[in-house]
Amino acid sequence: MLHVRVVSPPGSTDHLVEQLATSPGVRNLVVLAGAARRPDGDAVQFDLAVRFANPVLAQVRAQLRERGSVVIENVDGAASGPEGQDVDGPGDPAGTGEPGARRRDDEIPPVWEMVEAQIRTGGAYPPSFFTLLVIAGLIGAVGILTNSQILVVAAMVVGPEYGAIMATALGIDTGDRRAVRHGLAALVTGFALAVLATLVFGLLIRWSGHTPHLYKLGIRPVSDLINTPNVFSVVVAVLAGIVGVVSLTESRANALIGVFISVTTIPAASDMGLSAAYSSWSEVRGSTFQLLLNVVLLIVVGALGLRLLRWVWRRRTAKAAAGARRPSPGA
């Protein structure tokens, strides 16, 4: 269940309320004429079943046309629901807002406004974004030098680049060129800074004589795994991209962590700078290709995945709404 707060221009409120009153899944509709300030208007509040959220919110957006505001909140719990039933109790087990509705967990779609808001949050690029990329690159460099896979995994988790990748993918999906430009610029700048930092770090380690013995001998299993992309690199990047989209649309944080430690982005940037510091130019080329391969595939799979999921859930939601409006045989 969601709680939606709307500030509606006075001239649009009557039509908006009329639409909401006949929409499936809308309950506890409250209208406070002239109560809103900044922006001024009428305050409209209602509870909304997640199953019907996308079409109802689309109606609200179309009605307001950027003249009001909409705030959406998750309802973590409620003491009672429609018709005196528990919201998730026997009378409304699916949280659809319809008494006696059957539970259909697989029929509850993502609320795209909330999904996009979460992705756009990851598309903010303050100085900390670039700082974390640099730190992640340095951690990865230490892991490569010492052949420590644990440190390389730690670098993958620290790196914030997946937020920029998905923000770019969302921009492609929605046709937002500004988001695409900003996302690509942040990725290019961030990875360039990470490569530069690891280059300087590698030069300092090399000139100070602290290069690990195995790395000096050319025994570099972690580096070799990173700078030799192959068909398995493509498979992992595609699968990680799919899991990332599903995780974001269905709020599965645990699976999203798995994406962070599956893609070879930060390790590739670390290996680029470190290999350049040790004049291993073939490894530089391999790591560069690995980085580009992973970033491009994640963006493409992200954009295609978002579009496909929208299409799938739009069809399923339309069928669910049609079924909710269809009169029962005994009516």
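This report describes helix packing, aromatic pairs and selected backbone features in a predicted model.

**Packing around helix α4**

With α12 (residues 266-277), the axes come within 8 Å and cross at roughly 70°. Since angles from 65 to 115 degrees count as roughly perpendicular, α4 and α12 are therefore roughly perpendicular to each other. Their crossing is right-handed. On the α4 side, the residues that meet α12 are Leu 133, Ala 136, Gly 137, Gly 140, Ala 141, Ile 144 and Leu 145. The partners in α12 are Ile 266, Pro 267, Ser 270, Asp 271 and Leu 274. Sorted by class, this contact of α4 with α12 comprises eight nonpolar, three polar and one charged residues.

The arrangement with helix α5 (residues 149-158) has an angle of about 170°, and the axes of α4 and α5 are 7 Å apart. An angle over 145 degrees counts as roughly antiparallel, and α4 and α5 are therefore roughly antiparallel to each other. From α4, the contact draws on Leu 132, Ala 136, Ile 139, Gly 140, Val 142, Gly 143 and Ile 144. From α5, Leu 151, Val 152, Ala 154, Ala 155 and Val 158 take part. By class, the contact of α4 with α5 has 10 nonpolar, two polar and no charged residues.

**Aromatic pairs**

The count of aromatic pairs comes to three. In one of them, Tyr 125 and Phe 129 have ring centres 5.2 Å apart and planes at 70°, so the pair is edge-to-face. Phe 129 is buried, at a relative accessible area of 4%, whereas Tyr 125 counts as partly exposed at 21% relative accessibility. Ring pairs join Tyr 125, Phe 129 and Phe 130 into a cluster.

Tyr 215 and Tyr 278 also form an edge-to-face pair, as their ring centres lie 5.2 Å apart and their planes stand at 70°. Tyr 215 belongs to helix α8 (residues 213-216) and Tyr 278 to the loop between α12 and α13 (281-325), so the pair ties together parts that are 63 residues apart in sequence. Tyr 215 is buried, with a relative accessible area of 0%. Tyr 278 counts as buried too, at 12% relative accessibility.

**Backbone features and an exposed helical residue**

The peptide bond from Arg 38 to Pro 39 is cis, with omega near 0°. Pro 39 is found in the loop between β2 (26-36) and β3 (41-48), and Arg 38 is placed in the loop between β2 and β3 as well. Arg 38 has a positive phi, near 55°, although it is a residue other than glycine. Asn 28, in strand β2, likewise has a positive phi near 55°.

Thr 121 is located in helix α3 (residues 112-122). Thr 121 and Ala 164 are 43 residues apart in sequence, and their C-alpha atoms are 9.4 Å apart in space.

| Residue | Relative accessible area | Class |
|---|---|---|
| Asn 28 | 52% | exposed |
| Arg 38 | 81% | exposed |
| Thr 121 | 59% | exposed |

Key: Residues are numbered from 1 along each chain as its sequence is written. This is a predicted model: local features need pLDDT of at least 70, side-chain atom pairs count only at pLDDT 80 or more; totals for chains, interfaces and linings use all residues. Side-chain values use heavy atoms; hydrogens and water are left out. Axes are lines fitted to C-alpha atoms, for helices over the stretch in contact, and angles run from 0 to 180 degrees between N-to-C directions. Helices (H or I, at least four residues) and strands (E, at least two) are DSSP runs, numbered from the N terminus. Angles under 35 degrees count as roughly parallel, over 145 as roughly antiparallel, 65 to 115 as roughly perpendicular and the rest as oblique. A crossing is left-handed if the near helix is turned anticlockwise from the far one by less than a right angle, and right-handed if clockwise. Contact means heavy atoms within 4.5 Å. Ala, Val, Leu, Ile, Met, Phe, Trp, Tyr, Cys and Pro count as nonpolar, Asp, Glu, Lys and Arg as charged, and the others, Gly among them, as polar. Rings of Phe, Tyr and Trp (its six-membered ring) pair if their centres lie within 6.5 Å; planes under 30 degrees apart count as stacked, over 60 as edge-to-face and the rest as tilted. Buried means under 20% relative accessible area, exposed over 50%, partly exposed in between (1.4 Å probe, protein chains only).
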